[in-house]
Amino acid sequence: MAESNFKVFNEEMSSDRTFSDAEYSVATQRQGGVIPGMALSRLHNKLYRQSTAMAKAIADFIVAQGYDCKDDDIPGITTALQAAMLAIAEDAVDTHSTAAVLDHPDNSVTDAKIGNRTITDTTTAAAAANTLTNLLGMVGYMLKSITGKSNWNTLPATTIQAISDLIVTTAAANKLLKLDASGKLPADITGNATTATTANTATNATNHISAASGAHAASAITFTPTGGITEVTTQAAVAGVDTRKLSKDYAPATGVRVMRDLAQYVNNSIATGTIKITIPIMTAISFFDIDIVGFNRYYSGSGYKSAWKLRISGQFSTDGTVFNATDVLLSPNAPFTSVRCGTDGTNLCILLGTTSTAWDYPAINLERFQSSHTGYAALANNFSISLITAETGYTVTSPIIKTLATLESPPLTGTPTAPTAAAGTSTTQLATTAFVQAAINALGGGVIAYSLAENGYVKFANGLILQWGNVVHTIQSRLGTDALSITFPISFTSVFGFIADSSRYSVADGHIYGLQHGSLTTTGAKLQIDQFNTNGAGQSATFYWCAVGM
């Protein structure tokens, strides 16, 4: 029995002693060779594992063919490997050459050798030479195209011969009339025109038959108007449609598509939920601009304010499945404040309000959808508006909403700006901070320094200083007088006036205070307190003051 002494190095291949495939793939020493003095044992264990595993596999192959494979006989290994491979090749050749029917000489290929094949009827027919399988596929494609079926092996409902038999030159039941050489219908049906079920049908039939070329102008076709169309001829109706611009989809310029009145939602009752506007998935990046208008009956206290409008613009992602850089403008009368954009898992969608939003007899119209850039041409027409009460499975984001201001008492936020009126203006025009500051400066009274602390001051450009504050005083005795000192936050050059609490009475704590002015300086004031305190010393009181000067 043939033997081999080849073994696999590092059979356990534990992770703490051997590189993983990922580590080995990015190892710099594997890519550039081992650095002297820095060989990694885990790297070498991976190298030896792979090398000896391949050597063991080759040795097992040699032994399986009946030859020894020992590492002390390299010439013997070479000879055995050659012999083993040659033996396998000879077996394969012998099997092929002894087959009952060869698979390559002429007239020797049979169905058993070819095996079963499937016709792929999606290969477009071409005149050039091709393989038998492809040629059969082309024939299948032609058969499918002729029958109009979904595959080549489905029989059509009727045959070409049966269709040919339907075409006749003389009027007959359930047949197709063939036009004569002049392109007109056969004369034998002229009399049938007056027996039409309606007057319009009879007129149209007579006009058609009597036309010299077998055709007629659009003005000759009449019908009963319906659906908001008042014209009675095709020609006039087409002109009316163009005038009313009922067409929803048109491309006014290359790279831009505008669609109008795409979807509506009306509810003649009060409903609660989220309004969902469904938009088809785009196939490529595009920019969009959407107008949505609505009506919601509600009373605000000053009358019915029902009309609202929403405008959303931005960009769809490169694959057309995500809203990006979305900008929202919302009129102030809308019954909702939440606008979210995203997907329901199948289509793009815009969600108005939440599942708790109340809608009062709402009427909503997707008035305009404009798309441009790469994906504009792929925009489908399957838009819809609905009311949903659950939002499971939705992936949405909330863009920043800019609410438009009303003309009547607008609740402005942020930092609103307005034109600055000319100096001296005295009208109902808005006064900006710049106008007010200029007016103060013109009077020489602009603020140049201030402190708005509890004990603070304001210093004006004309030198006027206003200071204020308070001081807490602890009662020293039950009956008598105390001194009270006040220090101004900043010094005056001169003091015009000083005001402080003159008296205070409190039944709850038994305090009666009287305050008398003492001395007044540019840095502070000294006051005298006349007091009566039924609770004795240790109680406290706060006195407030104000001073004016330069």
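Visitor: Which element is included in what covers the buried residues of α4?

Guide: The cover includes α3 (41–64), with contact taken as heavy atoms within 4.5 Å. Helices (H or I, at least four residues) and strands (E, at least two) are DSSP runs, numbered from the N terminus.

Visitor: What sort of model is it, and how are residues numbered?

Guide: It is a predicted model, where local features need pLDDT of at least 70, side-chain atom pairs count only at pLDDT 80 or more, and totals for chains, interfaces and linings use all residues. Residues are numbered from 1 along each chain as its sequence is written, and side-chain values use heavy atoms, leaving out hydrogens and water.

Visitor: Back to α4. Which of its residues are buried?

Guide: I77, A80 and A84. Buried means under 20% relative accessible area, exposed over 50%, and partly exposed in between (1.4 Å probe, protein chains only).

Visitor: What caps the N-terminal end of α4?

Guide: D73 does, with a side-chain oxygen 3.0 Å from the backbone nitrogen of G76. That is a polar contact: N or O atoms within 3.5 Å, one able to donate a hydrogen and the other to accept it, with residues adjacent in sequence counting only if both atoms are side-chain atoms.

Visitor: And α6, which residues are buried there?

Guide: G137, M138, G140 and K144. They cover an arc of only 160° around the axis, which puts them on the same side of α6; the arc is that of directions from the helix axis to the C-beta atoms.

Visitor: What sits on the face turned away from them?

Guide: That face of α6 carries the exposed residues L132 and I146.

Visitor: What follows α6?

Guide: G148, with a positive phi near 75°.

Visitor: Different topic. How many residues are in the largest nonpolar core, and which touch the most other members?

Guide: The core has 31 residues, and W308, L310, I350, L352 and L366 touch the most other members. Such a core is a set of buried Ala, Val, Leu, Ile, Met, Phe, Trp, Tyr and Cys residues joined through side-chain atoms within 4.5 Å.

Visitor: Which strand gives the most to this core?

Guide: β9, with four residues.

Visitor: What does L352 contact, beyond its sequence neighbours?

Guide: Leaving aside neighbours within four places in sequence, L352 is in contact with residues including I275, I277, W308, L310 and W359.

Visitor: And the chain overall, how many helices and strands?

Guide: Ten helices and 26 strands. Of the 550 residues, 28% count as buried.
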